Structures are given as structure tokens and as C-alpha cells.
Amino acid sequence: MARTTKETSIEVTIHLDGSGTADVETPLPFLTHMVEQIAKHGLFELRVRAKGDVEIDGHHTTEDLGFVLGQATLQALGDKAKIARYGWATLPMDEARASAAIDLCGRQYFVWDVALPHGAKIGTWDVELAEVFFEAFARGAACNLHITRERGDNLHHIVEICFKTFAKALLGATRIEPRAGGVPSTKGSLAG
């Protein structure tokens, strides 16, 4: 999946039934590290090439990468037959703990219950861009996504555990349920 605008150039390839291998290049080192977490903890094969106008700030690159990753995930799901559809996880990272819940239902809805200080940075990356990334993913993947900070003090830990718990929830939602027949919906469709 690829998207090019005057602000960014993003290419994403994802294989959902992988082993956690990441080949990620972005101009934002912390974002690169977080996207690698998605591959590792979701057991996805993920290749990302992202360029953007980071001389302005990291917003466009972060948002567009989240969106294209969502689109690539949606494409990789195909007709969604036999997927679990729902996934959830609660994970700790030292003093921080976060939960994520996802429904690959074909309708975009996003809830971010993660209080972060405005203007704070991790390296060169604005921490408020975590919300931007996940909202864009939900749009691109046409899914419901809820992420909640349960506790934590260290900004790096809080943001990183949000990415890890998202990866585990997505892993659960995309797994094949061998007992299921067809699409997991009484409507017979997982489209908006």
C-alpha cells in the first residue's frame, strides 16, 4: 500500500501471519522504534518506507504512516472470513500499564483515553502524535479502536506500552478462528 502527497511519501507492506520481522525506515527515530514494536509484538512481517516534511514537524509523517498502515492491514484481511474480528490486551511496562481493544468491523471509531502532557517530546517526536497515529490507523483500517492508559509516569513507557498493547490486540483480532464459518457477523458482512 502506498500514498504520496506534497507532504509525505509512505509505502507499507504487512503480512499478518508472520514472525515479527520489521524493516522500518522513517525520518523520526522514536516513531521507527514504535512501529517496530507493532511488528515484533503483533508477529507481523512489516516493511515501511516513510518520508515526510519533518523539517516542519512530525505530524504529517506520523498521521500518514498510521493511515497507510491501517489501509495495508485492511487490504491484508481480504474478505475477513474466519478472522477473530475482536482483539484486546492489557500489558505492563514497569510502572506503566495500558489496554487496547479493537473491532475489525468495517466502521471507523476511535477512543483515546491516554492523558499526555502537551508539548512534551520523546527525542524529536511530539508525544501527542501517538493519538494522531492511532486515530489515523482506525480510519485507514475502518475499525473501532480504543486505547486506555491505566497508569504510568514515564512518558517513554506510557507511549511504548500503548504501541505494544495495540500490537497484541491487533494480533488477536486478525488471527484465524478455525471453528468459524465465513465472516464473523450476523449481518454477513464486515463493511461500514
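Author: Start with a term: a residue counts as buried when its relative accessible area is under 20%. The model is predicted. The part to look at is helix H3, residues 129-141.

H3 has 13 residues. From its first C-alpha to its last it reaches 18 Å. That is close to the 18 Å expected at 1.5 Å a residue. Of the 13 residues, 10 are buried, so H3 is largely enclosed by the rest of the structure. The buried residues are Leu129, Ala130, Val132, Phe133, Phe134, Ala136, Phe137, Ala138, Gly140 and Ala141. Just after the helix, Ala142 takes a positive phi of about 50°.

What does H3 pack on? An open sheet of 4 strands, in the order S5-S6-S10-S7, with mixed pairing. Its edge strands are S5 (86-93) and S7 (109-113), and each pairs on one side only. From one strand to the next, the twist averages 10°. Strand S6 (residues 96-103) and strand S10 (residues 144-151) run antiparallel, joined by 7 bridges. In that pairing, Asp103 has Asn144 of S10 as its bridge partner. H3 touches S6, S7 and S10, and its direction makes about 160° with that of S7. Helix H4 (residues 155-174) packs on the sheet as well. H4 touches S5, S6, S7 and S10, and its direction makes about 150° with that of S5.

Two loop residues belong in this picture. Most residues other than glycine have a negative phi. Arg85 sits in the loop between helix H2 (59-77) and S5. Its phi is positive, near 80°. Arg85 is buried, with a relative accessible area of 10%. Asp94 sits in the loop between S5 and S6. It too is not a glycine, and its phi is positive, about 55°. Asp94 is exposed, with a relative accessible area of 65%.

Now follow H4 to another helix. Two packed helices are described by the angle and the distance between their axes. The axes of H1 and H4 come within 8 Å and cross at roughly 35°. The crossing is right-handed. On the H1 side, the residues that meet H4 include Phe30, His33, Met34 and Ile38. On the H4 side, the residues that meet H1 include Val159, Phe163, Phe166 and Leu171.

H1 lies across S3 and S4, running at about 160° to S3. The sheet is open, has 4 strands in the order S1-S2-S4-S3, and its pairing is mixed. Strand S1 (2-4) and S3 stand at the edges with a single partner strand each, so one side of each is left without a neighbour in the sheet. Here the twist averages 5° from one strand to the next.

Look at the pairings in this sheet. Strand S3 (residues 22-25) and strand S4 (residues 45-52) run parallel, joined by 4 bridges. Glu25 stands opposite Arg49 in S4. The chain goes from S3 through helix H1 (residues 29-42) to S4, and this β-α-β crossover is left-handed. Strand S2 (residues 8-15) runs antiparallel to S4, with 8 bridges between them. Ser9 stands opposite Lys51 in S4. H2 also lies across strands of this sheet: S1, S2 and S4. H2 runs at about 35° to S2.

Terms used
Residues numbered from 1 in each chain as written. Predicted model: local features only at pLDDT ≥ 70, side-chain atom pairs only at ≥ 80, totals over all residues. Heavy atoms only, no water. Pairing = 2+ DSSP bridges. Axes fitted to C-alpha atoms, helices over the stretch in contact; angles between N-to-C directions. Contact = heavy atoms within 4.5 Å. Right-handed = clockwise from strand over helix to strand, strands pointing away. Expected span 1.5 Å × (residues − 1). Buried < 20%, exposed > 50% of the residue type's maximum accessible area, 1.4 Å probe, protein only. Left-handed = near helix turned anticlockwise from the far one by under 90°.
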